[in-house]
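Please open the structure in a viewer and keep the selection panel at hand.

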Amino acid sequence: MNTIKSFLTTILIVVTVVACTKSQNKKLALNTNSTALTIDEKVDQLISMMTLEEKIGQMNQYNGFWDVTGPAPSEGHEAKKYDHLRKGYVGSMLNVRGVNDVRAVQKIAVEESRLGIPLIIGFDVIHGYKTLSPIPLAEAASWDLEAIKKSSEVAALEASAAGINWTFAPMVDISRDARWGRVMEGAGEDAFLGSKIAEARILGFQGNDLSKNNTIAACAKHFAGYGFAEAGKDYNTVDVGTSTLNNIIFPPFKTSVEAGVKTFMNSFNELNGVPATGNSTLQRKILKDKWNFDGFVVSDWGSIMEMIAHGHAKDLKQAAEISANAGSDMDMESYAYVSELADLVREGKVSEEFINDAARRILKVKHELGLFDDPYKYCNLEREKEVIGSSEINEVVLDVAKKSIVLLKNENELLPLKQKNQKIALIGALASDKTSPLGSWRIAADDNTAISVLEGMQKYSGNKLTYAKGTDVALGKIGFPFELEINTNDKTEFNEAIDIAQEADVVVMVLGEHGFQSGEARSRTKIGLPGVQQELLEAVYEVNKNIVLVLNNGRPLTITWADRHIPSIIEAWQLGTQSGNAIAQILYGDYNPSGKLPMTFPRSVGQIPIYYNYKNTGRPTTDNPNIVFWSHYIDESNTPLYPFGHGLSYTNFSYSQLKVKAKGKNQIEVSVVLANTGNYKGKEVAQLYIRDLFASVTRPIKELKGFKLVELAPNETKAITFKLTEKELGFYNNEGVFIVEPGNFKVFVGGSSDTVLEEDFSLK
Ligand code: BGC
């Protein structure tokens with residue numbers, strides 16, 4: 001049967017190739033799209049028709065250029081890109097957006113190139129396209145996989161309506177360093193939570209049918225180790241041990257493959273001496289061979305060329321050779337493949353089989369997207385108008401924004417605010433800022449399109465609300481080129497803030513980082529409140545101690561003074577388009593906070609890297625004041641300001657009756673009773689951690705291995721069960737093999753990584 005099928009396929013291919021070659025048809029590629037063939041067969045057929053240069057063309061990605069709907073450029077760099085498009089030497093474009101522009105570039109590829117192969121159109125849809133969800137770190141704080149998936153789903157819906165069919169997201173890099181500006185783009189410090197969120201995001205973007213016009217291909221990035229840049233300095237060297245690589249960095253990437261992610265992006269950094277882009281162990285041995293990833297790998301922006309600066313390739317030609325051989329399938333903006341690869345193949349330095357493999361992978365994804373059936377399927381002007389900014393999308397982003405907020409502290413039930421007869425002073429430039437909540441990844445979103453906290457609070461009209469800025473957030477220009485200087489010394493408007501604070505029952509202060517102070521290339525060495533905001537906070541505190549501090553930021557901050565003095569603190573990150581509405585609903589108790597930190601908050605920068613799943617060391621923490629030589633600082637505690645998993649509610653939750661039962665070989669059932677002992681209905685993220693006490697490769701003192709989001713009415717009680725299997729109880733040894741070792745374990749359950757209930761069990 002199979003022999004007959006392959007014989008018929010061969011005949012069909014030969015006939016089509018002959019027919020196509022003879023006919024000079026401009027749409028040869030679309031002619032290979034016979035429904036009788038599988039996608040792999042269609043791709044093979046197309047590959048057999050392509051010249052070496054055309055196959056390499058598929059591996060070339062250009063950034064958007066000229067006013068695509070205007071006249072074609074006739075000279076310079078842009079003219080070259082245009083010429084390459086017409087020759088079929090471009091497989092993808094990024095940063096071309098909007099139906100008109102996408103249609104215009106697609107038209108050149110499809111109608112003017114010899115084979116008419118459609119482009120795949122990439123864009124950084126990181127937390128939305130035009131209508132923005134919270135930054136990814138904030139969304140991770142929701143621990144709500146459904147809400148996160150939904151947020152990616154509407155991001156795909158909106159982006160696809162603007163012509164885009166491929167996002168460079170999710171970023172699944174684990175990071176333990178709040179100095180690194182890109183922590184805002186990931187899911188925090190934990191591999192287990194990070195893997196679950198990676199999966200949710202991929203399913204959200206890609207849906208269950210990639211060929212629909214409202215789903216887009218996702219991209220797990222940056223492979224690998226980017227989040228471990230030394231000293232939190234972006235693009236810096238990465239030097240991590242095997243165990244960390246296997247157990248912390250790799251899991252979200254492996255999960256991404258299992259979730260069916262269509263593409264990967266490699267990373268700027270070197271990893272143990274070899275740039276990731278030229279690293280064949282990472283890309284070929286692990287990703288493509290061991291994990292069986294069948295999508296394609298795109299380089300990061302210019303990362304092929306950057307191997308010269310890394311000191312790994314002597315020129316662009318060698319960089320192209322190394323990265324193509326290492327399994328980087330597509331070149332983003334290094335111009336290396338398009339200019340060097342054909343010669344390298346002719347010289348025998350890169351095998352044509354590698355080129356075929358890369359082109360095959362890229363063409364396959366284009367087929368799966370349905371681009372060969374209709375290259376303009378994402379280019380419907382009416383749909384673009386209808387979908388972008390729709391109320392459906394705004395509802396989803398508001399929902400996830402509320403769920404992303406974390407209540408860090410709430411003394412004397414200062415929160416929620418009363419909805420009537422309270423005099424409230426709102427202070428801080430960020431409180432009226434309509435741009436900062438959009439964060440730094442907001443290429444398509446317009447300035448001033450977020451709902452500010454001031455606007456959100458004005459909707460609650462039962463109170464007297466006064467507002468003063470107190471101090472500017474930003475001096476100079478915020479934007480591109482980025483001038484990130486936050487107001488460092490101007491206190492002229494302090495008095496106005498102090499005056500309204502004096503008159504108020506409660507002061508709400510919105511302080512923190514501007515949206516452009518975190519993100520790519522925005523590493524910081526000082527992560528307190530920037531500028532004179534700390535001084536403003538202290539000055540207001542002098543006149544009114546009833547302060548609710550609302551933090552806006554893209555990374556954990558060292559807010560030790562605030563934690564000591566301010567009764568209520570809310571972590572509200574950068575929450576996107578609906579930011580002010582979400583914050584107001586939390587402040588006034590229309591939504592009871594349910595978020596939990598996905599990243600540890602340090603007390604001081606000197607503690608970084610600080611994370612909950614550290615190793616015990618040979619000289620662990622001790623309470624004995626007479627012991628001097630143990631692993632600690634002499635000027636700072638070992639504990640964080642707020643631990644991973646921390647987050648309060650307006651109600652109280654209590655955990656009891658932790659029980660562990662063995663259920664068959666290496667199957668453990670853990671149960672606990674959760675009760676709402678407070679006065680409000682609320683949601684709690686019940687977290688389960690384990691500790692493997694002795695192992696051939698030492699294990700952390702706690703590892704998250706399960707969590708459940710549970711909603712309870714006041715006085716309600718629920719029994720919760722978790723299942724632990726080999727998947728949760730094993731680990732990767734230093735050969736990269738997953739093993740499960742018998743021995744003694746501890747299990748902990750509670751509302752943060754600082755859990756109180758614990759039990760023992762053993763594996764036989
Ligand atoms: C970033 C990537 C991003 C790419 C394209 C790079 O600078 O590292 O994450 O997808 O630019 O915009």
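**A guided tour of the predicted model**

Begin in the loop between strand 10 (331–332) and helix 14 (336–346), where Tyr-335 is located. Tyr-335 is not a glycine, yet its phi is positive, at about 60°. The model is a predicted one.

Next, select the loop between strand 4 (166–167) and helix 9 (191–206), which contains Pro-170. The peptide bond joining Ala-169 and Pro-170 is cis, with omega about 5°.

A further cis peptide bond, again with omega about 5°, joins Phe-223 and Ala-224. To find Ala-224, select the loop between strand 5 (219–223) and helix 10 (242–258).

Now select the ligand. Which residues surround the ligand? They are Leu-94, Asp-124, Phe-168, Arg-182, Lys-221, His-222, Met-265, Phe-268, Asp-300, Trp-301, Met-332 and Glu-520. By class, this shell comprises six nonpolar residues, one polar residue and five charged residues.

Display distances from the oxygen atoms of the ligand to three of these side chains. An N or O atom in the side chain of Lys-221 is 2.8 Å from a ligand oxygen. For His-222, a polar side-chain atom lies 2.7 Å from an oxygen atom of the ligand. For Glu-520, the corresponding distance from a polar side-chain atom to a ligand oxygen is 2.9 Å. The protein buries 92% of the 310 Å² that the ligand exposes when taken alone.

Finally, select helix 3 (residues 39–49) together with helix 15 (residues 352–369). These two helices pack with their axes 9 Å apart, at an angle of about 130°. Helix 3 is therefore oblique to helix 15. The crossing of helix 3 and helix 15 is right-handed.

Note on methods
Residues are numbered from 1 along each chain as its sequence is written. This is a predicted model: local features need pLDDT of at least 70, side-chain atom pairs count only at pLDDT 80 or more; totals for chains, interfaces and linings use all residues. Side-chain values use heavy atoms; hydrogens and water are left out. A residue is near a molecule or strand if one of its heavy atoms lies within 4 Å of it. A polar contact is a pair of N or O atoms within 3.5 Å; within protein, one must be able to donate a hydrogen and the other to accept it, and residues adjacent in sequence count only if both atoms are side-chain atoms. Accessible areas come from the Shrake-Rupley method with a 1.4 Å probe; for residues, only the protein chains shown count as cover. Ala, Val, Leu, Ile, Met, Phe, Trp, Tyr, Cys and Pro count as nonpolar, Asp, Glu, Lys and Arg as charged, and the others, Gly among them, as polar. Axes are lines fitted to C-alpha atoms, for helices over the stretch in contact, and angles run from 0 to 180 degrees between N-to-C directions. Helices (H or I, at least four residues) and strands (E, at least two) are DSSP runs, numbered from the N terminus. Angles under 35 degrees count as roughly parallel, over 145 as roughly antiparallel, 65 to 115 as roughly perpendicular and the rest as oblique. A crossing is left-handed if the near helix is turned anticlockwise from the far one by less than a right angle, and right-handed if clockwise.
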